[in-house]
Amino acid sequence: MSKEPLLKLEGLAKHFPIRSGLLGRQVGTVKAVDEVDLDIAAGTTLGLVGESGCGKTTLGRCIVRAHDPTGGRMLYRRPDGSVIDVAGLKEKELKPYRAEVRMIFQDPHSSLNPRKTLREIIGEPMRVHQVGTKEEIDARVGELLERVGLRPEYADRYPHAFSGGQRQRVGIARALALSPRLVVADEAVSALDVSVRAQILNLLMDLQEESDLGFLFVSHDLGIIEHVADVVAVMYLGRVVEQGPTEELYTRPLHPYTEALLSAVPDPDPAAKRHRERIKLLGDIADPAHVPAGCPFNPRCVYARDECRTERPPLREVQGRRVACHFAEELDLRGVPDPDVREVTA
Ligand SMILES: Nc1ncnc2c1ncn2[C@@H]1O[C@H](COP(=O)(O)OP(=O)(O)OP(=O)(O)O)[C@@H](O)[C@H]1O
Ligand SMILES: [Mg+2]
């Protein structure tokens, strides 16, 4: 397994203007993604968590260049080992990258063209990138449908004939059509029921093993992330506030926001549950158009002190992990019990 990052984000930003009035004057800025540094290695899964609106989808869309980043670099290691900055590439230079880095979109209703059959939808990336003859593309569509647990005979039906979970699987088949090197999976299995979810997760993990595939796995479900991710990044208001190996981050969080998220993870052990209390988040839900001064999390942080209201903590290395909290060393935060302990006691 190669340890060199497949994709390295440096200071990645995506800001949206807020416009108002007849003239559409800019009255503010939504910093949906702000100065994000992240690495994704081949053959590994980076889990991205954080509450609704924190910028997960925007980050994913920047990675596949469905959005043009406002700033920062996206260093991509090509199959020949050379590294290019895809943040600055022009549309026509992006074609090879677009074949190698694919996204499974969050909303299968709006991302599948209702006027196209599954054969056209799944085969489209292969046609666009001129991979294979018509017969080869048809054969590949059948194979992909089977891999995601759908019948090959469905190929000539239209998306409306399918349930939400089935449509999500069509989106997965489409993302896999070109045998990508990196896949951004945005809530790819959140809408699926437990048995189909397990089947899809197993499929994605098999593909990862077979072809050293890298994943950015976005989910608000910390249970799924714990299951699939090697490394987890926690996002808050467009920034990464904590990042580290999954088990360490889950059992010993260093950022108060991570602790708050983890306190909502259901505990399979009813005895333990009595000892774990839900951690309350103070104040209003965060708004990326009005990022608070100092630490962006301070209005909702139960540990906040004066310094937190005035000085923004940088993302820095603590105990081999990265965290953006002034007091990461002294706070003794609570995570979820070690998975081995949970299994024994469950
Ligand atoms: N095209 C856009 N124009 C303006 N603002 C946008 C646009 N896309 C996203 N935003 C804003 O950027 C912020 C981040 O949105 P994003 O969709 O990335 O969040 P998310 O973390 O994926 O949330 P969820 O968990 O609900 O999917 C939100 O405040 C959103 O309103
Ligand atoms: Mg989203």
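I begin with a contact: a polar side-chain atom of Lys56 is 2.8 Å from an oxygen atom of ligand 1, a polar contact being a pair of N or O atoms within 3.5 Å. The model is a predicted one, in which local features need pLDDT of at least 70 and side-chain atom pairs count only at pLDDT 80 or more, while totals for chains, interfaces and linings use all residues. Residues are numbered from 1 along each chain as its sequence is written, chains are lettered from A and ligands numbered from 1 in the order in which they are written, and side-chain values use heavy atoms, with hydrogens and water left out.

Two further side chains approach oxygen atoms of ligand 1. For Ser52, the distance from a side-chain N or O atom is 2.5 Å; for Gln106, a polar side-chain atom lies at 2.9 Å. Taken alone, ligand 1 exposes 630 Å², of which the protein buries 63%; these areas come from the Shrake-Rupley method with a 1.4 Å probe.

Which residues form the shell? Ligand 1 is surrounded by 13 residues, and the closest are Ser52, Gly53, Lys56, Thr57 and Thr58; a residue counts if one of its heavy atoms lies within 4 Å. The shell divides into five nonpolar, six polar and two charged residues, with Gly counted as polar, and Asp, Glu, Lys and Arg as charged. Strand β2 (25-41) and helix α1 (56-63) each supply at least two of its residues, and α1 gives the largest share, three residues. Helices (H or I, at least four residues) and strands (E, at least two) are DSSP runs, numbered from the N terminus.

I turn now to the metal. Ligand 2, the magnesium ion, is coordinated by Thr57 (OG1) and Gln106 (OE1) at 1.9 to 2.4 Å. Thr57 lies in helix α1 and Gln106 in the loop between β6 (101-104) and α3 (108-111), so the pair ties together parts that are 49 residues apart in sequence. Donors are N, O and S atoms within 2.8 Å of the metal (3.2 Å for Na, K and Ca); water is not among the atoms, so the site may look incomplete.

Buried means under 20%, exposed over 50%, and partly exposed in between (1.4 Å probe, protein chains only). Val86, in the loop between β5 (83-85) and α2 (95-100), is buried at 0%.

Finally, an unreviewed UniProt entry lists residues 7-262 as "domain: ABC transporter". Over that range the chain is 37% helix and 29% strand.

Conventions
Polar contact = N/O pair within 3.5 Å; in protein donor to acceptor, adjacent residues only side chain to side chain. UniProt positions renumbered as here; feature names shortened; annotations may be inferred.
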